[in-house]
2 protein chains.
Amino acid sequence: MAKKSSSPAVATRRRKAPPRLRSRPMLVRVGLLGLGTVGGGVAEILARHGKLIAERSGVELRLVRACVRHLGKQRDRAAARVPLTSEPSAVIAASDVDIVCELMGGIKPAQALIEAALAHGKPVVTANKAVLAHDGPRLFELAARHGTDIYFEAAVAGGLPIIRTLREGLAADRVNRIMGILNGTTNFILSRMEVGLPYLDALREAQTLGFAEADPTLDVSGRDAADKLAILLQLAFGLAVRPERLSTTGITELSPDNLRDAAELGYRIKLLAIGERAAKAGGVHASVRPCFVPARHPLSTVPGADNCVAVESDALGLTLYQGKGAGGLPTGSAVVSDLIEAARNWRAGIKGRGAAQLNRAGVRLLAPELARSSYYVRVLAADRPGVLASIARVLGEHGVSLATVLQRERSAKRAQPVPVVMLTHAASEGAMRNVMRALAKLPALHKRPQVLRILEEAPKSGD
Amino acid sequence: MAKKSSSPAVATRRRKAPPRLRSRPMLVRVGLLGLGTVGGGVAEILARHGKLIAERSGVELRLVRACVRHLGKQRDRAAARVPLTSEPSAVIAASDVDIVCELMGGIKPAQALIEAALAHGKPVVTANKAVLAHDGPRLFELAARHGTDIYFEAAVAGGLPIIRTLREGLAADRVNRIMGILNGTTNFILSRMEVGLPYLDALREAQTLGFAEADPTLDVSGRDAADKLAILLQLAFGLAVRPERLSTTGITELSPDNLRDAAELGYRIKLLAIGERAAKAGGVHASVRPCFVPARHPLSTVPGADNCVAVESDALGLTLYQGKGAGGLPTGSAVVSDLIEAARNWRAGIKGRGAAQLNRAGVRLLAPELARSSYYVRVLAADRPGVLASIARVLGEHGVSLATVLQRERSAKRAQPVPVVMLTHAASEGAMRNVMRALAKLPALHKRPQVLRILEEAPKSGD
């Protein structure tokens, strides 16, 4: 299209540097609630890049005050220069604070403080996934009622612009499925189990490297991912649902055997948060669980503690966003871009946009039993004739048919149980639950059977 | 964090559906220049999702008029319902057009029309990569001068929100390297050559499937990717450079042999557009060329005609965006999200933000000779003793050392030339050019040596 010959005049004009149209940046005063890892990251980014931000966005962000629990605590570099208070109202109600930035985490007292700030008509920027997951819709509504807005890019996968993309980039599109690796700790643990480490060893390594908390329950139980999924469901489908209602399975029951089975069959195991529109049923299926992901699917290659969100939508097809999910700088960077947007909207008088997210009727969470997929099943069975046939019969009685059977090792001694690995064709979750109950009653089976969902390449048509 | 027991009151309050705070959406009238594939996609998206967009964004977008070359041409579905004109001023100057959306493509007459619309103070949304690549900085400045703005998410990788991300998500970050697969046609052709198809057969297949134009020159020469890279360089580094100045190599010289070599050595070949900050040298290296990409790098697995952009930045580390780069719906979707943003900013009086992108001094394009990387070199040499030694000597004389040598086949007949494949350690592009010139003079070498850059995992430190 661009022919070199067509624009000599333009080339000449361009020789001089583009003129600088720099108007004075507008000052916007930010009050912080909390000055921990993320707050420190925000302070550091503003100290390092404040001038660049002012040039690019026309906004000068100034941290005027931070409310902290321990006034005397030693703080690093940029954070040490922020004036401190121990009184939340000195941030929320202060006339010299234009935007409130909540970075305390947890529900109490963070949620009440966010509500108070919104009630003062102040825009709130937060990284608080728990509050957003549990009460996002009510906060959107509260913000709209007081003519202000709430921003939360940092609440889900800090390093990825997934909230902004769902709110803006996909504003003109219809999301059919969203799938995420939303917890870096579990992704790291699974990647270590792939090379043969038992679960507990991999967890200990993650703790040593600082990826996992001393109490890793929220991560490994899948509940952290469920909180984030609840937020994504609000934006992607207009579905308001508390994370406790989402079918959630963690990674604590997995063993290296499962990961070896996956590799042998051309899959990898990832803890996936999935929300999927089931148009016929008029609702959305949503769950957090370890899944078999085909090795050729881009979600299967997400490394280490990274996060990744895959969105399938009408207009765009499959889109992927991958990067760091946590850490002071990635999360701080997401907070700062929210602060810039909040500042610009605040000065321009744009308000109350958040509430519009949920103005869509008729979307509901479907019962998990209705979800359909194919499954990986692993049982430990007595090594004698007829056992495989009896297992296959149980599946057949519940309408579940087998795609692949893998009987990996035959025991040297006849009496030892052997693992039997099966991949099924598509079946309903309800049917699979019945199969599991029936299998558990077979005398030839040792231990409880293990079942994992297999991720399909594309949404099932017409479901 | 979220304890179920801590919020029974909240849970009760949440039982009723969130209240609907629906205010009347604001009507924003859009005039189109061009109603081809992308324009048709825009019309279709607005017809299909207009109500949803109004609910979510508070903006009702109405296509009031489209300027087309052929008034009598048959048009599909939604496009057929847009009132037509053949007079550009009936769009640009019309008092009932609030936003001008340019979707004609090419520089003439699109650029003059964009300038006229900006001079009228109207926001412009465009998918025109050629105009933005060649004159983006001047258009930003023109927009700012007339108190308006220009939006161009659709100009680069339509299905990915890369422009929005660089403008907003990374507004508080510092980009060190940006690498993109920005041309779907060449990515498709390379993926077919990987299974052994010669270049021309793969090109013909791409044409049959509609991925490649009848005249594929812009794609296969790398010039389409160079246009897009020029736009990304403006946003990522504040570097204003015309695409003709970017070192650009296409895929026309590649053979299945090169792709086989890559596979054997643990790489894949991708046409990469790369911009990389070289802090010490005070500038940016930028080029479009086929590269060896390590098989474990996420850019190596981008399939078919997809696009992918990888950004390495201070705060976020490596972030990836992957999806469809072209097509009426992906590109149309990007245009519509720009229309929504333009409409909201226009009504709120936010203006002239674009010009700020370039308010950064001192960034310049560095001479390609200074860039350093390791290289893949393939020569066809006479199969006799001492030839490899003479090749190695030439490299050594120019300070280039070898990491790997692969002498794949020995010919049955001694007289036949054999391929010699080498991977070098890091060397400057200038040294490699000298090596190539010297190698071409060796009598034992048949044909011109082939050289491809090898992508490093991370930016070279201190460069």
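A crossing of two helices is left-handed if the near helix is turned anticlockwise from the far one by less than a right angle, and right-handed if clockwise. Keep that in mind for later.

First, what we have. This is a predicted model, where local features need pLDDT of at least 70, side-chain atom pairs count only at pLDDT 80 or more, and totals for chains, interfaces and linings use all residues. Residues are numbered from 1 along each chain as its sequence is written, and chains are lettered from A and ligands numbered from 1 in the order in which they are written.

Now the helix pair, in chain B. Helices are DSSP runs of H or I, at least four residues; strands are runs of E, at least two; both are numbered from the N terminus. Take α4(B), residues 110–119, and α5(B), residues 129–145. Their axes come within 11 Å and cross at roughly 15°. Axes here are lines fitted to C-alpha atoms, for helices over the stretch in contact, and angles run from 0 to 180 degrees between N-to-C directions. Angles under 35 degrees count as roughly parallel, so α4(B) and α5(B) are roughly parallel to each other. And the handedness? The crossing of α4(B) and α5(B) is right-handed. Contact means C-beta atoms, placed from the backbone, within 7 Å. Residues of α4(B) that meet α5(B) include B:Ile114 and B:Leu118.

On to chain A. Chain A has 14 helices and 18 strands. Strands pair if DSSP finds at least two bridges between them. Six strands form an open sheet, in the order β3-β2-β1-β4-β5-β6 (chain A), with parallel pairing. Which strands are at the edge? β3 (84–85) and β6 (150–151) of chain A, each pairing on one side only. Helix α2 of chain A, residues 37–57, packs on this sheet and touches β1 and β2 of chain A. The direction of α2 makes about 160° with that of β2(A). Two bridges join β2(A) to β3(A); in one of them, A:Ala66 has A:Leu84 as its partner.

Next, β7(A), residues 175–181. Buried means 20 or more other C-beta atoms within 10 Å of a residue's own, with C-beta atoms placed from the backbone. Six of the seven residues of β7(A) are buried, so the strand is largely enclosed by the rest of the structure. β7(A) pairs antiparallel with β11(A) over six bridges. There, A:Val175 stands opposite A:Ser313. Four bridges join β7(A) to β9(A), also antiparallel. A:Ile178 faces A:Gly275 in β9(A).

Over the whole of chain A, 54% of the 463 residues count as buried.

Definitions and conventions. A residue is buried if 20 or more other C-beta atoms lie within 10 Å of its own, exposed if 12 or fewer, and partly exposed in between; C-beta atoms are placed from the backbone. Angles under 35 degrees count as roughly parallel, over 145 as roughly antiparallel, 65 to 115 as roughly perpendicular and the rest as oblique. Two residues are in contact if their C-beta atoms, placed from the backbone, lie within 7 Å.
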